[in-house]
Amino acid sequence: MPQIWLRNIRMYLYMVGASIRAQMQYRYAFVMNILGWAMTYAGTAITMWVLLYSFGAIEGWTFWELIFLFALAVLSWGVCMVFFFHFRGLDQYIVNGTFDRFLVRPMHPFFHFMAMKFDVGAFGQFLFSTIAVALAYHHLQMHWPLWKWLVFGGAVVGGTLIQGGLLILISAIAFWTTRSERLYWAVMWPAKSLMNYPLTIYPPGVQWVVTFILPFAFVNYLPSLLLLDKTGGGYAPYWGFLSPVVGPIFFWLCLRFWMHGLNHYKSAGS
Amino acid sequence: MSLIEVKHLYKQYDVAKRQEGMWGAVRSLFHREYLSKMAVQDISFTIKAGEVVGYIGPNGAGKSTTIKMLTGILVPTSGDILINGIVPYKERQKNARQIGVVFGQRTQLWWDLPAIESFELLKQVFQIPQQRYRKNMDTFAEILGLGEFMQTPVRQLSLGQRMRADIAASLLHDPSILFLDEPTIGLDVVAKERMRTFIKEINQERGVTVILTTHDMSDIEKLCRRMILIDKGQVMYDGELAKIKEKFGQHRLLIIDLEGEESGFSMAGAEVIREEGNRKWLRFNRRQISASQLINQISERYEIKDLAISDPEIDEMIRQIYEKGIDQIV
């Protein structure tokens, strides 16, 4: 078993190399992609600033605290994009019939599809979120002990798996309907915008859904409560520790759903 | 022992019924009606190692569906498939090691990378030992002339070049069975011929068993001794190509151009199978009537401007089988 994993990982790295070389063929698009994303997020940050300028604070969150909350979500989303963003286009592979190839090679189809792209365009997210977190850290005059850094790391890993899980969950629907990208924009985008603000501004029903069904609360809100020494709603501080546990469980469930969908794969005609 | 065994194979697709208008679209979100379509029904055959089998039929007959079940891409609704002792959809990865697959319509190569990179990637994926990889690459490069476009990104290759690269890619890991789904589609005459020569060669020299679907009857004629003819998901004929030709061989085709417009043309001993203005296509059985007899008969009643006699083409034979069923003819 470990040998098979080692082999899969080696193959993954090899294919990642090829994917990066393929993306480098379009240099201009590559650079514009990074700049574009970084500017999109900076724009959202400016919106927050304008908002806070008139209100002073939202639910007791100051500007730099909000920036931290936002940047944490963008950071794990960036990692998630690198590995899973191309899953939103799975339906195109299915419609064109190009998905067939993943089933006639001696490699796990999920791994194979995942290895098809290693999205280097996500550097825009890293650029924005690293600078934003660093600035927030400075302005809030934080001095984290080691355990807080671990919580931070755990939130990034957990957040990556939660968002990645939702991406592959949505993509799997294409196995039945052959269309899923619209659903991605309809679900993922609002869900991600929701996470830019403290959860307590939303009705309890929404809070409940993003905690227990699609556990987005564990991506940034709950870890941020812990890291910024805040309290909010009915959440105990220790919930923030749970991101690296919730992430893998949610991801595993989504992966099971994906594999289930694969058995319903119908392939395109002729 | 047979290499491929297919028993009572069925595949049913459920196609969502489209509902009209906006209201229909909303309703179909919650409740869908499905139409089931039997793409393959009760197909059985066996193929021995070393055979080259033509798997043919009109569009929508179930050819691709069968191939996709044999390669493990699709799960059969019912029935059994054994490929060298392996059930393809249950052990996809194991099956993948013993088969090569080429889909003429879509490439399996990495679109944005030079062809050579795809070969290197496949070498990794299939864990092909360096020595064997080198040897295969050299052989294929020589026969297929891959050298000239090895460094070109796949998206910039011509269709002929891409097909050559695709078939080489499918054979790198020395599969014992090769599935070719329309390998000559869209190719020009020279490229087609090259492809056929290559397929023949790997069958004869490497003993690779080949199953190919095609709409080009010359592919079948030049490559296959046996053909399996399917229509509406069922086997219409399974046997030697020569047998069908022999049966049809009794027939000849007489094409005549008449002087002046003639409607309601008919002639005893021959069947008019096509008419285009003054040109008529007549089929006759040469055991019942000789060509000269027939021409004499016609010239007694009509003015013949020009004529030609030909063997029925294989396309024509196949069309007859689809229309009338094999029993009527063989």
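In what order do the six strands of the open sheet in chain B run? The order is β5-β6-β7-β3-β8-β9, and the pairing is mixed. Strands here are DSSP runs of E with at least two residues, helices are runs of H or I with at least four, and both are numbered from the N terminus. Two strands pair if DSSP finds at least two bridges between them.

The model is predicted: local features need pLDDT of at least 70, side-chain atom pairs count only at pLDDT 80 or more, and totals for chains, interfaces and linings use all residues. Residues are numbered from 1 along each chain as its sequence is written, while chains are lettered from A and ligands numbered from 1 in the order in which they are written.

Back to the six-stranded sheet of chain B. Its order is β5-β6-β7-β3-β8-β9. The edges are β5 (99-103) and β9 (234-240) of chain B; each has a single partner strand, so one side of each lacks a neighbour in the sheet. On average, neighbouring strands are turned by 15° against each other, direction ignored. Axes are lines fitted to C-alpha atoms, for helices over the stretch in contact, and angles run from 0 to 180 degrees between N-to-C directions.

Now take the strand pairs. β6 (residues 177-181) and β7 (residues 209-213) of chain B pair in the parallel sense over five bridges. In this pair, L178(B) stands opposite V210(B) of β7(B). Helix α6 (residues 159-171) of chain B packs on the sheet and touches β5 and β6 of chain B. The direction of α6(B) makes about 165° with that of β5(B). Contact means that two C-beta atoms, placed from the backbone, lie within 7 Å.

β7(B) also pairs with β3 (residues 52-56) of chain B; the two run parallel and are joined by four bridges. There, G54(B) has L212(B) as its bridge partner.

How many of the five residues of β7(B) are buried? Five of the five are, and the strand is mostly covered. Buried means 20 or more other C-beta atoms within 10 Å of a residue's own, exposed means 12 or fewer, and partly exposed lies in between, with C-beta atoms placed from the backbone. T209(B), I211(B) and T213(B) point one way from β7(B), and V210(B) and L212(B) point the other way.

Helix α2 (residues 63-70) of chain B is also buried: eight of its eight residues are, so the helix is largely enclosed by the rest of the structure. Its buried residues include K63(B), K68(B) and L70(B). Just after α2(B), G72(B) takes a positive phi of about 95°.

Two loop residues deserve a look. Most residues other than glycine have a negative phi. D174(B) is not a glycine, yet its phi is positive, about 50°. D174(B) sits in the loop between α6 and β6 of chain B, and it is partly exposed, with 15 other C-beta atoms within 10 Å. K232(B), also not a glycine, has a positive phi of about 50°. K232(B) lies in the loop between β8 (226-231) and β9 of chain B. With 15 C-beta neighbours inside 10 Å, K232(B) counts as partly exposed.

Next, the cores. A nonpolar core is a set of buried Ala, Val, Leu, Ile, Met, Phe, Trp, Tyr and Cys residues joined through C-beta atoms within 7 Å. The largest has 132 residues, and A71(A) and F179(B) have the most contacts inside it. Helix α3 (residues 63-84) of chain A gives the most to this core, 17 residues. Leaving aside neighbours within four places in sequence, F179(B) is in contact with I67(B), L70(B), T71(B), I99(B), V101(B) and I211(B). Another core, of six residues, lies apart from the largest one and includes I256(B), L282(B), F284(B) and I298(B).

Chain B has a second open sheet. Its four strands follow the order β11-β12-β10-β13, with antiparallel pairing. The edge strands are β11 (271-276) and β13 (304-310) of chain B, and each pairs on one side only. The twist averages 20° from one strand to the next. Six bridges join β10 (residues 251-258) to β13 in chain B. Across this pair, A308(B) is the bridge partner of I255(B).

Finally, 22 residues of chain A are in contact with 27 residues of chain B. On the chain A side, helix α1 (residues 2-24) gives the largest share, six residues.
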